[in-house]
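Here is a short briefing to read beside the model.

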Amino acid sequence: MRGYVQVYTGNGKGKTTAAIGLAVRAAGAGMKTYIGQFIKMGDYSEIKALSRYADWITVEQFGKGRFVEGKPIPEDIDLARIGLQKVRKVLASRAYQIVILEEANVAVKFGLLAVGDLEELITSKPTEVELVITGRFAHHRIIALADLVTEMKAIKHYYHKGVESRVGIES
Ligand code: ATP
Ligand code: MG
């Protein structure tokens, strides 16, 4: 089956949960998914849940678990580059039919990855691998290369009422 390039971006809720939903659906079809999380580090509820799907879904984190503000420190960049190298290997191995790059758009936005790095992953991926890139601020060059782009647009978000991330709902 031919694989395409999907992007979930925008400021509304649902990017990460859509990507995880896809991985769970694919597991139901016996397909294997690799999820590389950039920026993030932490024992989120989805990581705990996905550990029950270990035969089909592998998750690795390449972040410091804090929001990168302003100029990234070398450690953030080193971690992102380790992630990039790993993702290159994972793609080339063809061991996973779906590869999800969580928050990779944000990693580009904050200079942890170069947009060219992501472009190269897209253009060099094996034809049969489905590549999914999530995160706000998708670069126009990534949007141009993608086959499917969905913008989660916040019409309302309770964050603006002061509702912080809730365990089991956002984290
Ligand atoms: P989900 O993980 O629920 O699918 P998402 O991946 O689309 O959501 P992110 O952009 O990764 O959302 O957002 C991470 C965190 O940022 C959320 O936990 C929330 O607290 C906060 N947030 C989400 N949307 C907004 C918004 N429109 N404005 C400000 N903060 C937001
Ligand atoms: Mg997210």
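## A salt bridge to start from

Glu128 and Arg94 form a salt bridge, with 2.9 Å between the closest N and O atoms; the term means a side-chain nitrogen of Lys or Arg within 4 Å of a carboxyl oxygen of Asp or Glu. Glu128 sits in the loop between α5 and β5 and Arg94 in the loop between α3 and β4, so the pair ties together parts that are 34 residues apart in sequence. Helices (H or I, at least four residues) and strands (E, at least two) are DSSP runs, numbered from the N terminus.

Please keep in mind that this is a predicted model, in which local features need pLDDT of at least 70 and side-chain atom pairs count only at pLDDT 80 or more, while totals for chains, interfaces and linings use all residues. Residues are numbered from 1 along each chain as its sequence is written, chains are lettered from A and ligands numbered from 1 in the order in which they are written, and side-chain values use heavy atoms, with hydrogens and water left out.

**Overall fold**

- The protein has 6 helices and 6 strands, and along the sequence they follow the pattern β-α-β-α-β-α-β-α-α-β-α-β.
- The radius of gyration of the protein is 15 Å, close to the 16 Å that the globule rule gives for 171 residues, so the protein is as compact as a globular protein of that length. That radius is taken over C-alpha atoms, and the rule is 2.2 Å times the number of residues to the power 0.38.
- Along the principal axes, the C-alpha atoms of the protein fill a box of roughly 45 × 35 × 30 Å.
- Of the contacts in the protein with a separation of 6 or more, 75% are between residues 24 or more positions apart; contact means heavy atoms within 4.5 Å.

**Burial and surface**

- Buried residues make up 46% of the 171 residues in the protein. Buried means under 20% relative accessible area, exposed over 50%, and partly exposed in between (1.4 Å probe, protein chains only).
- The protein exposes about 9300 Å², and carbon and sulfur atoms supply 55% of that area. The areas come from the Shrake-Rupley method with a 1.4 Å probe; for residues, only the protein chains shown count as cover.
- In helix α5 (residues 115-124), the buried residues are Val115, Asp117, Leu118, Glu119, Leu121 and Ile122.
- The cover over the buried residues of α5 includes β1 (5-9), α3 (74-93), β4 (98-102), α4 (104-109), β5 (130-134) and α6 (140-145).

**Charges and ion pairs**

- The mean positions of the 24 positive and 19 negative charges of the protein are 3 Å apart. Lys and Arg count as positive and Asp and Glu as negative, with His and the chain ends not counted; each charge is placed at NZ of Lys, CZ of Arg, CG of Asp or CD of Glu.
- A search of the whole structure finds 9 salt bridges.
- One of them joins the side chains of Lys40 and Glu102 at 2.8 Å, N to O. Lys40 is in the loop between β2 (33-39) and α2 (45-50) and Glu102 in strand β4, so this pair links distant parts of the chain, 62 residues apart. Both Lys40 and Glu102 are buried.
- Glu170 and Arg166 also meet in a salt bridge, at 3.8 Å from N to O. Glu170 is partly exposed at 27% relative accessibility, and Arg166 is partly exposed at 37%.

- Glu46 is found in helix α2. Glu46 is buried yet has no salt bridge, and the nearest side chain of opposite charge, Lys40, is 4.1 Å away.
- Leaving aside residues up to four places away in sequence, Glu46 touches Thr16, Ile20, Gln37, Lys40 and Ser171.
- Trp56 lies in the loop between α2 and β3 (57-63) and is partly exposed at 32% relative accessibility.
- Beyond residues up to four places away in sequence, Trp56 touches Ala27, Gly30, Met31, Lys32 and Thr33.
- Arg94 is not a glycine, although it has a positive phi of about 60°.
- Phe137, in the loop between β5 and α6, has a positive phi of about 65° and is not a glycine either. Phe137 is partly exposed, with a relative accessible area of 43%.
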